[in-house]
Amino acid sequence: MARYNPKETEPKWRKAWADADVFRAGPPQPGAPKYYALEMFPYPSGRLHMGHVRNYSLGDVVARYKRARGFNVLHPMGWDAFGLPAENAAMERGVDPRGWTYDNIARMRSELKELGLSIDWSREFATCDAAYYGKQQDWFLDLWKRGLVYRKESVVNWDPVDQTVLANEQVVDGRGWRSGAPVEKRKLNQWFLRITDYADELIEGLKTLDRWPDKVRLMQENWIGRSKGLRFKFGWAGQAPAGFVAGLEVYTTRPDTLFGASFVGVAPDHPLAEQLAAADPRVAAFIAECRKGGASEAEIETAEKIGFDTGLTVAHPFDPEWKLPVWIANFILMDYGTGAIFACPAHDQRDLDFARKYGLPVKAVVLPPGEDAATFEVGTEAYTGPGTIFHSQFLDGLEIEPAKAAAITRIEADGCGEGATVYRLRDWGVARQRGWGCPIPVVHCDTCGVVALPKDQLPVVLPDDMDFSKPGNALARHPTWKNAVCPDCGGPATRETDTLDTFVDSSWYFARFTDTEAAEPIDKAAADYWLPVDQYVGGIEHAVLHLLYARFVTRALSDEGMLSVREPFAGLFTQGMVTHETYKRVQSGEWVEPREVEIFTEAGKRQARSLETGEALVIGDVEKMSKSKRNTVAPEEIFEVYGVDAARLFVLSDSPPERDTQWSATGVEGAWRFVNRVWNEFDSQPAGPAPALAADPKADDLRAATHRTIKAVTEAIESFRFNSGIARMYEFLNKLKEFPAETATPAVLAARHEALSAFARLISPFTPHLAEEAWARIGGEGMVVSAPWPQHDEALTQDAVRVLPVQVNGKRRGEISVAAGLEPAEVEKIVLDDPEIARRLEGLSIRKVIVVKDRIVNIVAG
RNA sequence: GCCGCCGUAGCUCAGUGGUAGAGCGCAUCCUUGGUAAGGCUGAGGUCGGCAGUUCAAUCCUGCCCGGCGGCACCA
C-alpha cells in the first residue's frame, strides 16, 4: 500500500492537463451549450494570498462541474494591472512600474497555475498591455462621439503632498490617507462618463438579476438613490437678488406638506449663498464656519445644525401673501437636488431640529390615524408616518400619496415647476493624474480645443522612461511625450496627460476575454455567444462600484452595437473573507505571525507561545488576514506541506462560501487526513476489472449511500453550498469504510467499485489532482477531468425497509421497522400491536393516530 | 437611527415541520512493518431567550437578547 504523495502526484496531473490542453474553451458553436465562469481578476501584487486561493477555488468548482456536465466552458484569467501600487514601488525602490508589474504577473501566474485551476491560459492578458488599453481608447472615443463622455470643471479632493486627486474614501478625517496632509478642495477640469443617463435602466435591470445576492442589489439601488418628487421655483416676496430674478428653485419629495412650510434653505455652497457672501462679510464668515466641520461620518452625525437668516423672503406658491424667510443652513447638501429646500419642520426631523433652534414656526399638516385635528401637536419628534392631510386648503382630507400628486398637478398648472426624479448617483469621474494608467487618447490644440485622435493613431502608448522618483503625474512631467500634432489643423498640440480610472479597465475585460485577438475592441459574434457571464465570483467589496460600472459600460457598448447583452453578469456570487486568529506579545502588544506560534492546551485551555522565545502570547480576535495584523498564512507554505488539494479542500469545506472562513492549522490538517483516507479507500480496492453488480442486501446498502451522495453533492454544487457537499462526502467516506475491500464479497466489491467511480468524479471539482490519481487507480477511462458527471438512480436511493420513530404525545417512545411505502392504515395496526408501544399507552385512551408515510407515527393519547 | 445577515457539541460549521450530524479538539483503548503516522470506542447539545401556530417546532410566525456587515443630514 502506497502513501499518497501530493508532491509527485499534483505536478504530474497539472502537466497532463496542460499537455492535453483540456481547458481551452471550444469555439463558439450555436448548438453547443456554453458556460462562462469568471472570477474577478486579481491585481498583480506579486504574491498569492489565501483570499485568492478561496476565490479561484470557488470559481474552479463551478467551471469543472459544468465541464463535466457537458458545457462548452470559458474560464479565463487576466490581470488588473494598472494602478498606484506600481507607482509607489517605483517611487520607493526606483524600479520601473512596467517591469515590476510584469515580474509580479509572472510570479503570480506560476502560483495560480500551481493551484490546478481549470483555466484557459491562452486568453490571458493584462490591462497594462498596450494591446488591451489601446482597444479601450478605441471605444472611449466611440462613447465620446455618442455624447457619453464630457469634460467639466469640478471640485476634487487634492492631496498637496502626493499631488493627486483623492477619492472620497481616501480622505480620512480631512487628511490624505497616505500622506496625512490636510486635503484641499481644488477645481479641476475633469473627464466624466455619463452613467446617470442609464440610472433608471440600471435600477430596473436589477430586477432581472435573480441570481445576484439580494444584498448587492439593494446596495446598488441605494447607491443610485432614485427619488421621485417635485422641482419648483419660489418667487421672491421682496427685492429679488441679482442673478436670481427668476426665483429660487428647490426640490422636495414631500409636496404634500407644502402648507406646512416654515422657511426655505440653501446650502452654504449654493450660488446664492456665495453671491451674498461676496457682498456681506457676515455671510462669508458663516459659510467659512460651515466648511470648518470635518467630512467624516462621526463629525457629520454630531454636527450641530446652524443657519444664517439672509433677510430675503420668498412667496408661498399657493398663497402670494404668505412670506417665507430664506436661510443658509449647514445641513443642506449642494450636490443633491437643487441644493435648496423648503422646510416642513412638523414632518422632517432635520427641519424640526433647525426650527426649534431658531424659533421658526412648526405647523402640522399630516394627521396621524386616530389623532384629533384639534389637539395634535408635534413636539421634538417630527411625524413621518402615514396620515391624512389637514390645514392644507385643497389638499385637505387626502392621503399622502394622492396629496403629493395633487400638489404636483397644481404646481405644474401654475407653471412654476414640475414633477421630477432625482438621483444620488453622480456621473463617473474617470480622469486620474497618474502616469501608470490608460492614456486618454486626445490632444489639446490652441486653435481647435480638445481633439480626439483618429483611430489609426491608436494605441496611444505610455512612454518607457517616465520619472517616478517624485510624487505627482509622471506622464505629465515627461519631457517630450506630450508633444503632438493636432489631427485637425496640423498645428502643434499637447497630449492629454490624465489617465483613466482603473475601474474603466475592469469594466469590460470580461467582454474582451470572449475573443482576445479581435481587431475591434470586442468581436460581436464571440461576445454574443459567450455573454453574459453565467457565474461571476468575487468579493463583496465590489458590490457597488466595479459591478455598477461594468453594468453601465456593457449598456453603453451595447448601444454602440458592439455586443448584444444589457447585463454582463447573469449570476453573481460574493464570497466571504479568509480570517485567522491573531497573536501578540504580552508586553509590547506586537503582532506575531502564525508560523512563529505554537498552540498547546494546558489546564484545559488553549494557549499560545512563541516558537522562537517560548514566551507566552495573547490569543487575540479572529480577523481578516492582513499584513498589519500579521495574521497571514502563505499559501505556498501550505502547498509545500499538505499539497494544493488539501488547501483547496479546506477553504471550500470550512464555511458556506458567502461567509467568512477561519483558516486554522488543525483545519487544514483535517483536510489533509481526509485526502489520505480517500486515497486509502481507492488504494485498497483490488486492481483489475470489478465484478458485475448483483442484488445483495449489503451491497444495496452501499449503493443506496452512493446514489444518495451523488444526488446530495450535485444539488449542493448547483446551489453553491460547497461546504455542505463536502460534508456529505465526509459522511460517504465513513460509510464506505464500513465495507472494507479486504473482506468484501464480489457483490460488495462491485458496489464499492461503483461507489469509488462516483466518488472520484464527485471530488474532482474540489480536489482535482487526487481525483485524477484515484480515477486512474480504479481504471477509469481517460482522465477524470473529461469524465461525465455521475448520475444518480432515484430508485436506488430508497430503502426497502424504513425505521419509523413512534411518538406518544410528540415525544419519542420507540420505533418500528416497516416496508417502505406501507399505507398508513397498515402502519397504524402494526404500531398498536407493538408490545413496547402498548406498554407506553397503558392507562391512556388513544385519541388520534397520525401516520406520515415512510417518516413517523405520532399517537395522541390522554 | 435605518436595512441586511448570523446565533445548533469546547471550536468551525452541516441539517430538517417528524430518530440531532460532520471535521477539529477532548477522554479511553488498540497498533508500533502506513509511524513527525493509523485505527476502535466514548463523553459532550434546554439547536440564543420568551410566546404563538401544530398531533408534533431546532425548523414556520411574532417579540426580545447577543454578534457581524452595509448605509446614514440625499429634502
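Buried means under 20% relative accessible area, exposed over 50%, and partly exposed in between, with a 1.4 Å probe and protein chains only. The model is predicted: local features need pLDDT of at least 70, side-chain atom pairs count only at pLDDT 80 or more, and totals for chains, interfaces and linings use all residues. Residues are numbered from 1 along each chain as its sequence is written, chains are lettered from A and ligands numbered from 1 in the order in which they are written, and side-chain values use heavy atoms, with hydrogens and water left out.

**View 1. Stacked pair of Tyr536 and Phe569.** Tyr536 and Phe569 are both buried. Their ring centres lie 4.0 Å apart with the planes at 10°, so the pair is stacked. Rings of Phe, Tyr and Trp (its six-membered ring) pair if their centres lie within 6.5 Å; planes under 30 degrees apart count as stacked, over 60 as edge-to-face and the rest as tilted. Because Tyr536 is in strand S25 (residues 535–539) and Phe569 in the loop between helix H16 (545–559) and S26, the pair ties together parts 33 residues apart in sequence. Helices (H or I, at least four residues) and strands (E, at least two) are DSSP runs, numbered from the N terminus. One aromatic cluster includes Tyr536 and Phe569, and among its other members are Phe41, Trp139 and Trp508.

**View 2. Open sheet containing S25.** Four strands form an open sheet with parallel pairing, in the order S2-S1-S25-S26. Strands S2 (72–74) and S26 (572–575) are at the edges, each pairing on one side only. Two strands pair if DSSP finds at least two bridges between them. Strand S1 (residues 34–39) runs parallel to S2 and is joined to S2 by three bridges; Lys34 has Asn72 in S2 as its bridge partner.

**View 3. Stacked pair of Phe259 and Phe318.** The two rings are stacked at 5.3 Å centre to centre, with 25° between the planes. Phe259 is in the loop between strands S9 (248–252) and S10 (263–266), and Phe318 in the loop between strands S11 (307–316) and S12 (319–329), 59 residues apart. Both Phe259 and Phe318 are buried.

**View 4. Arg424 over Trp223.** The charged end of Arg424 sits over the ring of Trp223, 4.7 Å from the ring centre. A charge sits over a ring if NZ of Lys or CZ of Arg is within 6 Å of the ring centre and within 35 degrees of the ring normal.
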